[in-house]
Amino acid sequence: MRPFRIAASRQAPVPVPRRPAHPEGTQARWYGPLSVGVDLTGAALPVAAAIVEVHEPHPLRLAAVAALVWPLIRVAGKRYTSSAWGDGGGLRAVLRDWLLLVGALATLRVLCGLQSVPAEAFTALIPALVLTAACHELIHRHLLAARRDGRALRHVVVVGEGATIDAVVGQLAQRTDHEYVVVGCCPVGEEEVLSGVPVYVRLPRAEPETPEEDAATVLGAADELCADLVFVVPGPHLSGQRLRRLSWAVHDRGCPIVVLPGIVEVARRRVRLTSASGLTLLHIAPPLRRGMPALLKEAVDRVGALLLIVLLSPLLLALALAVRLGSPGPAFYRQIRVGQHNTPFAMWKFRTMVVDADRLKDELEASNENDGHMFKMRRDPRVTPLGRILRRYSLDELPQLFNVLLGHMSLVGPRPPVPEEVVKYNPVEMRRLHVKPGLTGLWQVSGRSDLSWHETVSLDLRYVDNWSPAMDMNVMARTVRAVLNGQGAY
C-alpha cells in the first residue's frame with residue numbers, strides 16, 4: 001500500500017470523475033431479468049386463461065394490463081434492487097404488493113365500465129403471488145450463499161474514532177447475511193484500532209481549516225483500497241459540521257457515504273426519519289408490548305396450542321409410552337424455569353435423560369462446552385438412546401404446548417432459562433425476561449446449541465426489541481426446516 005499525502009495547497013482540487021470500484025454490481029446479473037420475467041409470466045398467463053374460461057371480451061388486453069401493472073407496482077416499491085433481494089422480510093413486501101395489485105385491477109375495471117368482477121380472474125392472480133414469492137426466496141438464498149462465500153460484497157472504508165471503528169467491525173463480523181466487508185479505515189486521532197483492520201491514514205483530531213483535507217484523505221483511502229462506499233461514525237472529534245463538509249467533498253467525487261448512528265438491533269420498521277430546524281431526527285418506536293398486537297399474540301398462542309394438542313394427541317401418547325418403556329423412570333420431566341418478569345413456572349418435557357440426571361450435572365460441570373451460563377455437552381452421558389432422537393427433532397419439547405395453553409409460555413419467544421442461569425445475568429441479559437419464553441424462537445432456528453452465549457443473547461434481544469406478528473410467522477415457518485435439519489440439537 002503506497003502512502004498518501006495530503007496536498008499542501010489549500011485550493012479546492014479539480015473534481016475528477018470517480019469510477020465505481022466494482023462496476024459489475026454486487027449481485028448476479030440474472031437476478032433482475034429473472035424476477036421481471038417471473039412477474040410478467042405469473043400475472044399474464046393465469047389471468048388470460050381465467051378470462052378466456054369465463055368468456056370475457058378482450059382477454060389478451062386484460063392479461064397484458066395485469067402483466068404490466070404487476071412489475072410497475074414492484075418497480076415503484078423498489079423491489080428489483082440488491083437491498084430488496086437481500087432482505088429476509090421481503091416476503092411481506094410481496095404480499096403487500098399483491099394486495100395493491102388486486103385493488104388496482106379492481107379499480108381499473110370500474111373505471112373502464114366493466115360490469116362485474118369475475119372471481120376467477122382475481123383467483124388467477126394467486127399464481128403471481130406464489131411465483132413472485134418463490135422467485136424472491138430463490139434469489140435471497142442465492143445472494144446469501146454468495147455473501148457467505150465472499151462474493152456479492154461491497155468494500156467499505158470506515159471513518160471514525162478508534163473505538164467506534166472496532167465496534168462497527170465487530171458488529172459486521174457477527175453475521176454474513178449483509179453485503180459489507182471492511183477493507184480499511186481512517187481513524188480520527190491517534191487512538192489505537194484493535195480490530196486488526198488496516199489503517200490507511202489518520203485524520204487529525206482538530207477539524208482542518210479546509211474540508212478538502214479530510215476529503216482528500218478519505219477519497220485516497222477509497223481509491224487505494226478499491227472501496228465502493230464510506231462508512232462514517234460521528235463522534236466527539238467528527239461533529240455534524242465536519243461530517244457535513246466531508247460529505248460535500250466526497251459526494252462531489254461520486255463516492256457514496258453511509259452515516260452510522262450507533263444504534264444496533266433495531267428493526268427498520270421502528271425507525272422514522274424527520275428533520276427540524278436543520279437537524280436530522282431519528283425516531284425509534286418502542287417495542288410492541290401492548291394493544292391489539294399483544295392481544296393477537298396471546299390469542300394465537302392459546303388457540304394454536306389447543307389445536308396442536310388435539311392434532312398431535314396420538315403422537316404425544318405414543319412418545320410418552322415410548323419414553324416410559326425405553327428406560328426406567330417417568331415419561332415426563334418437570335423442571336422449574338424462569339418466565340416473563342422473572343416469574344418461575346414448572347415447565348414440562350418428555351424425559352430424555354436418566355432419572356438422576358440433575359444430581360450428575362455437578363460432576364460434569366468441567367465438561368461444559370458452552371461459553372456462557374448454559375450447560376451443554378454434545379455427548380452428554382446422561383442422555384438416553386431414545387432421548388437423543390427426541391432431542392434431535394425437538395420432540396421432547398412438545399409437552400410445553402400445555403405451558404403455552406396455561407399462559408406460562410408463548411409459541412414463539414426466547415429460550416426459557418433455569419433459575420441458576422438467571423442469578424448470573426447482567427442487566428442486559430435480564431432484558432430477555434421482558435417477554436414470555438417460547439416453544440420456539442430465533443435461537444432454535446439459528447443453530448441452537450451450536451451458538452455462543454453472546455450470539456444467543458443477541459438473538460433473544462433482537463426478538464424482545466423487534467417483535468411483530470410477522471416475525472412470529474417467519475420463525476414458525478423456519479422452525480419446520482430447523483427441526484428436520486436437527487443442527488445444533490443435542
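No disulfides turn up in a search of the whole structure, a disulfide being a pair of cysteine sulfur atoms within 2.5 Å. This is a predicted model, where local features need pLDDT of at least 70 and side-chain atom pairs count only at pLDDT 80 or more, while totals for chains, interfaces and linings use all residues. Residues are numbered from 1 along each chain as its sequence is written, and side-chain values use heavy atoms, with hydrogens and water left out.

**Cysteines**
- For cysteine 185, the closest cysteine sulfur sits in cysteine 186 at 6.8 Å, which is too far for a bond.
- Cysteine 185 is buried, at a relative accessible area of 0%; buried means under 20% relative accessible area, exposed over 50%, and partly exposed in between (1.4 Å probe, protein chains only).
- Cysteine 226 is partly exposed, with 41% relative accessible area.

**Whole chain**
- Out of 490 residues in the protein chain, 43% count as buried.
- Take the contacts between residues at least 6 apart in sequence: 71% of them join residues at least 24 apart, with contact meaning heavy atoms within 4.5 Å.

**Nonpolar cores**
- The largest nonpolar core has 23 residues, and Val157, Val159, Val230, Val232 and Val250 have the most contacts inside it. Such a core is a set of buried Ala, Val, Leu, Ile, Met, Phe, Trp, Tyr and Cys residues joined through side-chain atoms within 4.5 Å.
- At least two residues of this core come from each of β1 (154-160), β2 (180-187), α8 (211-224), β3 (229-232) and α9 (240-252).
- The top contributor to this core is α8, with five residues.
- Another core, of 22 residues, lies apart from that one and includes Leu459, Val464, Met471 and Val475.
- What does valine 157 touch, leaving aside its neighbours within four places in sequence? Its contacts include Val183, Cys185, Cys186, Ala221, Ala222, Leu225, Val230 and Phe231.

**Helix α10 and the annotated span**
- Helix α10 (residues 291-326) has a kink of about 65° at leucine 312, shortly before proline 314. The bend at a residue is the angle between axes fitted to the seven residues ending there and the seven starting there.
- Buried residues in α10 include Lys297, Asp301, Ile309, Leu316 and Val323.
- The UniProt record (an unreviewed entry) puts a "transmembrane region" at residues 299-323; UniProt positions are given in the numbering used here, feature names are shortened, and annotations may be inferred rather than shown by experiment.
- In the model, residues 299-323 are 100% helix and 0% strand, with their end C-alpha atoms 32 Å apart.

**Positive phi outside glycine**
- Lysine 78 is not a glycine, yet it has a positive phi of about 55°.
- Lysine 78 is in the loop between α2 (59-76) and α3 (82-85), and with a relative accessible area of 63% it is exposed.
- Alanine 152 also has a positive phi, near 55°, in a residue other than glycine.
- Alanine 152 is in the loop between α6 (126-148) and β1, and is buried at 17% relative accessible area.

**Pairs of residues**
- Leucine 45 lies in helix α1 (residues 31-53). Is leucine 45 buried or exposed? Leucine 45 is exposed, with a relative accessible area of 58%.
- Leucine 45 and alanine 66 are 21 residues apart in sequence, and their C-alpha atoms are 9.6 Å apart.
- Glycine 170 is in helix α7 (residues 162-173) and is partly exposed at 33% relative accessible area.
- Glycine 170 and serine 195 are 25 residues apart in sequence but 7.4 Å apart in space, C-alpha to C-alpha.

Methods. Helices (H or I, at least four residues) and strands (E, at least two) are DSSP runs, numbered from the N terminus.
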